[in-house]
Amino acid sequence: MYAQEQRVTGTVRDAATNEALPGVAILIKGTSTGTVTDMNGGYAISAPGNATLVFSFIGYSNQEVPINNRTTINVQLREDIEQLSEVVVVGYGVQEKRDATGAVESVKAEDFNQGVISSPEQLIQGKSAGVQITQASGEPGSGINIRIRGTSSVRGGNNPLFVVDGVPLAGDDVSAGGVDLGRGSSSARNPLNFLNPNDIASIDILKDASATAIYGSRGANGVVLITTKSGRGKKQTVEYGTQVSFARQAKKFDLLDRDEFLYNYQRLGGDPRTVDFGADTDWQDEISRTAVSQKHDLSYANAYKTGDYRVALGWQDQVGIIRNSGQERLTGRLNWNQSFLNDRLNLGIQGTVSRVLDENPYISDNAGFEGDLIGTSLIANPTWAAYPRSQYDNSVANPLAYLEFYDDNTETDRQLLNASLDYDIIPGLNFRINGGYDNATSERIAALSNELFLGGIFGEGRGAISQVDTRNKLFEALLNYEKSFTNSKLTALLGYSYQQFNRSGNNYQGRVYETSDMGQMTSDLQSAIALLNADLERRNLTYQQYGYNQTRFFVQGFAPDAEGELASFTQNIEDLDPAIAAQLNLAAVTRDIFRTRDELQSFFGRVNYSLNDKYLFTGTLRADGSTKFGKNNRYGYFPSAAFKWRLSEEAFIPANVFDDLSLRIGYGVTGNQEIPHNLHRQRQRWGGIGIGQGGQIQPPGLNDITFTNDDLQWEQTSQLNLGLDFGFFAGRFNGSLDFYRKNTTDLLFQINAPAPSPVPFFWQNLDADVINQGVELILNWIAIDRDNFGLDLSVNGSYNHNELQNLAGSFNTGGLSGQGLTGAFVQKFQEGQPLNAFYLREFQGFDPNGLNIHRGGDIQSFVGKSPLPKYNAGFNATVRYKNWDLAAYLYGQFGHYVYNNTANAFFSLGALRGGRNITEDALFTGENPANAAEPSTRFLEKGDFVRFQNLNLGYTANLGDGFIKGLRIFASGQNLFVITEYSGLDPEVNTNKGLDGFPSAGIDYTAYPRARTVSLGLNVTF
């Protein structure tokens, strides 16, 4: 007997936001009869009065509702966080995590780190096992190093490939670095700063070769996939968010104050009257400040019957805790999806436009003993007056003079656009084309007034303008096939990809200005640039014309190829017209110009096959051809295979014990091509008659500086991964355990040629190996899950062992800065050691005369210490009570060491006797003031730390169908405390101290300090 049918209507909404949910499936339980909600979340269905309706929607928990003869039933669905986390983005598609055969992790927007965020990497720091994320310093927008499962390359890039909405980024710097105007150079800012974190929906990390091989020659260091927010599931939704933040320097050095300085200067035999200028100044306080930052985000999203869109604007002004520093970012974002022909044809357009303005203080990576802004604040005499024009010393500047007489700003505009069109040819067969365009233009203008030191060290004004332009293009064609059989499923992908990378720029320098007006200095330099450009255009100079007609010419690039690329060169305006140069109120202007183009052509395929939903197979092959390599190895081939066995689906596994138990195994080969342009090509320079390398006579004209190497090829990384996924208690406790071994071969090296040789260096692949092997563990526990109270805990940890094997010879890096440290280095690449192993004298204290005692005398050796962390760990806890939520996040790194170049350079009794300030702990070490502060393990310290990075408290109010639908207020704290034995400002540091192109790691030298930040924010949904 069946009850009489009746018409049931209602609305389905999100339980958290009260937003209408379009596209919710509604079935009469036990039948195939059903319907879906419209764009307003409404539905109508005819069903028996005693039936049950089942409501289901992706990302939400299913809900069964008995009709009980009712005619109106309104339903609220709650997000299923576990279900949401199961959908991950993989190369060229998406996949349920339970079907993933490789090591893939996904971090959703609700799990991102909060607070003042400059770039996407900071959102996921500490959130993923085996992923080490280190910001070079605390400066807003500074560079970030990401190491996925260890460091693999000696010369090539070690950061992963970033893919934004399907567009692989070039990975190059897109902003100009700081030119050396007398106190060293500085690195470019993070190239990912153009992305607004508020526009990001998820970040997926591909870690093993079976997951990354689809990206072939660029997947050796892992792949990070960034997916931006769309309008899907939104109905005319306006969202506004604002945040204000207050930041102070988290830690300062304990320097001597006026009385301590004068007393101890006298104790060392000096006359305090000669160094007493009457003031009592804390220079660290003088150059720092309480930084008040703000951000505003506004978006509008709408989903309709045939598509959806989201438009967003964002503005963030991050003020630095060091004066004259900060970053301002303005972004615009559009995501639009539109379907045609009854959903068979789909168009997608995504785009970001941004302008990033960086204010750069006089902080460099390699200032000498005189110091940059940070260095001088540490060593400046505390009795100097805090007035910039009071400059007492021709070797150490008043720190405020660096703030007053130096101006440095960078403007970077970037546009990332991509459009895709896909068509369902027949059921299960889809063709897709994708085009992308990534353009960035950046200009950095710096001026140093001749008033600095009042004619002391510099005695001249200096200016520099650096310009960088990158234009990258992408075209892809993809064919996807999907077919389900009785007990199996097959998906296949075939693809073609072409990317072109164009990079050009200019570096101009002017010197000996007769004015102290930094604005006038910049104007004069720009006038000189206009003359240089006009001269180049007037004469339409080719490579050969310029090379043979000008004497100030140095080819840093290569002779023009079929595309007519122009080699790098320098040019001095005095060579064109000395009289014009004099009229411009400066003595000389030089220019360096570069222009490069690289191409990457790829063919790839992937097959996924599942049998009985418990045996899953994945096979991938990609062939990449790159112009960066020689004609004999232009193409590389990168295969992978993986298998997953769902043991929990087998009869011999108790179903009441495991919700999920899966075994994964994968192996694959990936590559690394992140090396400078055209290293395999012959390069030349122009010069007159002279003495060449090795003492031979060098004739005038074009001379080789490198030879062609047609055999140059990719670095290759093979990786084996064993993984175990598990889940208990209805998914409330789950996790994964992975073991891996990575072997990187064919290492790309720039070798200095032994004399006599007609060339100073050449590039080749070395027959050596970099081994990374380790283990990763992830645990998630939904400890309490009730309507009004919940507690979620998660922890991740990893261990990695790194070793360089079979390398002939050794190579130095880790160059130090400071008085008496010129030419000193503290790290080596050598067989049997980890990369960047510390190579030092072993310090054993001071002798009775206060002089250094080193084991074995004055001999450097490997000391068994590495800057690479062996262990990484992260911990997250979230508590919710009714409308309140509290989230805490900590992370740590262990088993590594940091070389304190700052202490080595500045904090010795000899520095105090020379009239420079030092820290209190350097006073009574037993050192003789005449002792040389030689590089040794004296300055090598444990880098272990635990950082309480985030604490967030929020209140969310659901306000129904009124004008304001949702409201959230929150407060967050960043970098609340650090537990560490390191004596410097912060153990998480990585100043660039590389030598001869070999990177350094774990060296601290006058790094920009980190901030402790408190933020207050508001999010409103209309």
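**Why the labels apply: burial, rings and cavities**

Asp343 lies in the loop between strand S20 (326-340) and strand S21 (345-359). This is a predicted model, in which local features need pLDDT of at least 70 and side-chain atom pairs count only at pLDDT 80 or more, while totals for chains, interfaces and linings use all residues. Residues are numbered from 1 along each chain as its sequence is written, and side-chain values use heavy atoms, with hydrogens and water left out.

Q: Why is Asp343 called partly exposed?
A: A residue is buried under 20% relative accessible area and exposed over 50%, with partly exposed in between (1.4 Å probe, protein chains only). Asp343 has a relative accessibility of 46%, and is therefore partly exposed.

Q: What makes the phi of Asp343 worth noting?
A: Most residues other than glycine have a negative phi. Asp343 is not a glycine, yet its phi is positive, at about 70°. Tyr92 also has a positive phi, near 60°, and is found in the loop between strand S8 (87-90) and strand S9 (93-96). With a relative accessible area of 15%, Tyr92 is buried.

Q: How do you know what counts as a helix or a strand, and how many of each does the protein chain have?
A: Helices (H or I, at least four residues) and strands (E, at least two) are DSSP runs, numbered from the N terminus. By that rule the protein chain comes to twelve helices and 54 strands. Of its 1022 residues, 54% are buried.

Q: What makes Val224 buried, and which residues are in contact with it?
A: Val224 has a relative accessible area of 4% and is therefore buried; its place is in strand S16 (residues 223-228). Contact means heavy atoms within 4.5 Å, and Val224, leaving aside its neighbours within four places in sequence, is in contact with Ile148, Pro160, Leu161, Phe162, Val163, Ile203 and Asp204. From C-alpha to C-alpha, Val224 and Gly91 are 9.8 Å apart in space, although 133 residues separate them in sequence. Across the protein chain, among contacts between residues at least 6 apart in sequence, 70% join residues at least 24 apart.

Q: What makes a set of residues a nonpolar core, and which residues have the most contacts inside the largest?
A: A nonpolar core is a set of buried Ala, Val, Leu, Ile, Met, Phe, Trp, Tyr and Cys residues joined through side-chain atoms within 4.5 Å. The largest has 61 residues, and those with the most contacts inside it are Phe838, Tyr899, Phe907 and Ile918. Apart from this core lies another, of 24 residues, among them Ile133, Ile146, Phe162 and Ile226.

Q: Why is the pair of Phe728 and Phe729 called tilted?
A: Rings of Phe, Tyr and Trp (its six-membered ring) pair if their centres lie within 6.5 Å; planes under 30 degrees apart count as stacked, over 60 as edge-to-face and the rest as tilted. The count by this rule comes to 37 aromatic pairs. The centres of Phe728 and Phe729 are 6.1 Å apart and their planes stand at 45°, so the pair is tilted. Phe729 is exposed, with a relative accessible area of 60%.

Q: What makes the pair of Phe749 and Phe811 edge-to-face?
A: The two rings lie 4.9 Å centre to centre, with 65° between the planes. The pair links distant parts of the chain, 62 residues apart, with Phe749 in strand S37 (residues 747-752) and Phe811 in strand S41 (residues 810-815). Phe749 is buried at 0% relative accessibility, and Phe811 is buried as well, at 16%.

Q: How do you know that the charged end of Lys127 sits over the ring of Tyr889?
A: A charge sits over a ring if NZ of Lys or CZ of Arg is within 6 Å of the ring centre and within 35 degrees of the ring normal. The charged end of Lys127 is 4.7 Å from the centre of the Tyr889 ring, and Arg414 lies over the face of Phe194, at 4.1 Å from the ring centre.

Q: What makes a space a cavity, and how many of 30 Å³ or more are there?
A: On a 1 Å grid over the protein atoms alone, a cavity is a set of points where a 1.4 Å probe fits but cannot get out, and lining residues have an atom within 4 Å of a point. The count comes to 13 cavities of 30 Å³ or more. Of the 35 residues that line it, the closest to its centre are Val116, Gln122, Gly138, Gln318 and Gln974. Among the strands that each supply at least two residues of this lining are strand S11 (131-135) and strand S52 (966-980).

Note on methods: On a 1 Å grid over the protein atoms alone, a cavity is a set of points where a 1.4 Å probe fits but cannot get out, and a pocket is an open set with protein on both sides within 12 Å along at least five of seven lines; lining residues have an atom within 4 Å of a point. Grid points are joined across faces, edges and corners, and a volume is the space filled by probe spheres set on the points.
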